Amino acid sequence: MERYNSDGSRRAEENAKIRRFGAVPVVLILIAVFFLLLSSMVVTKENQFKLIRQFGRVERVQTQAGLSFKIPFIESVDTIPKELLIYDLPASDVITSDKKTMIVDSYVLWHVTDPLRFAQTLSGSVSNAEGRIDAIVYNATKNTISNMKQDEVIRSRDGKMTITVEETPSDVKNNDLEISGKTEEVVEITSLTEKIMEQINRVEDQYGIEILAVEVKKLDLPDDNKQAVYARMISERENIAAQYTAEGKSEAKMIENTTDKEVSIMLSDAQAKAEATMAEGEAEYMRILSDAYSDPAKTDFYSFVRALDALKESVKGDNKTVILSDDSPIAQIFNGQY
C-alpha cells in the first residue's frame, strides 16, 4: 500500500513537471508575439513625419498623426521633424558697396514641407539642412549688403525711416508772415530682412524645405572701426543740431521783425485815427463857433459869457481889485451896455 502511494506521488510529480515544461513554449510564443506586434506598430506624433523604408527605399510617408503598422524586420522607420525649426547662423563679415565691413548675426525660421524629397536630397538630416541653409542665407545676405551703402544698411535695419516733411504754409493771425513748419514722420521702407528674403531662391522644390523668415538680431561694426564711425556719427548729429538751431533762430527773428512791424502799423493806425478824431472835434468846435457868431443874438450872449469867464479868472487870489477901461467888455457889463 505504501509502495503504491509512493509510485502515485512520483507519477504525479512527473506529470506536473511535464505540464510546467510544456507551458514554457507557450509563454515564449506569447512574448514573441507581443514583441512582434510591438515592433510592427508605428506611432506618429503631431510634430513628426514618419518614413517607412523597405531595405533602405522609402515605401510610404506617414503624415497624419496616429497609429499605423509596418512589416517587422523588413521595414524600418525614420522620423523627420514637422514643427517649426530655428537655426542660429554664426556671425559673419560682409562688405557694403562703399567698402565698409559690417558684422551680421541672424537666425532662420524654417520647416520641412516635403519629407520624401527632404530624405532623398538631405538624407533626412536636420544638420545637413542647416548646412545648406547656412550657405543660402549667407550668400543672400552678402549679395544684398554688397549693393547697399553702410548708412542704407543701418536705416533699413528695422524697416522704418524718419523723414522731415514740409508743412503747408499757414497764415498767422495778426501777422503777415506765412510760416511753413517742418514735422518728422516715420515711414515704412523695405527692411533688410525683406531684401535678404528676395535674394533667397525657392528651396522647397529642391530640398523639400521652406525658409519662412530671416531675422537679423545683431548688426554691428568691427571693433577697429567703431570709434571712427561713432565720431563721424557724433559730428553729423552735431551738424544737424546746429542746422536746426540756426533755422529756429532765423524763423524766430523773422517772427520778431514781423511782429514789430505789425505793432508799428497798429500804433500808426491808432495815432492816425486819434488825430482824425481830434480834427473832426476841432472842426465841429469851429462849426459851432461859426454858427454862434453868425447870429447877432447869440454873439452878444457868448460875448457876455466870455466876459464873465474872464472876470472870474482875473479875481482869483487875495487881490479882488479889478481896473477896467470904459471900452472893456466887462466894464460894459457893469455899465449895463450888455
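Me: Which residue follows α2, and is its phi positive or negative?
Reply: α2 is followed by S123, whose phi is positive, near 60°; helices here are DSSP runs of H or I with at least four residues, strands are runs of E with at least two, and both are numbered from the N terminus. This is a predicted model, in which local features need pLDDT of at least 70 and side-chain atom pairs count only at pLDDT 80 or more, while totals for chains, interfaces and linings use all residues. Residues are numbered from 1 along each chain as its sequence is written, and side-chain values use heavy atoms, with hydrogens and water left out.

Me: Which residues of α2 are buried?
Reply: In α2, residues 115–122, the buried ones are P115, F118, A119 and L122, where buried means under 20% relative accessible area, exposed over 50% and partly exposed in between, with a 1.4 Å probe and protein chains only. They line one face of the helix, because they fall within an arc of 105° seen down its axis, taken from the directions from the axis to the C-beta atoms.

Me: New topic: how many salt bridges are there?
Reply: The structure holds eight, each a side-chain nitrogen of Lys or Arg within 4 Å of a carboxyl oxygen of Asp or Glu. One of them joins K217 and D88, with the closest N and O atoms 2.8 Å apart.

Me: Where do K217 and D88 lie?
Reply: K217 is in strand β13 (residues 209–220) and D88 in strand β6 (residues 85–88), so the pair ties together parts 129 residues apart in sequence. K217 is partly exposed at 41% relative accessible area, and D88 is also partly exposed, at 44%.
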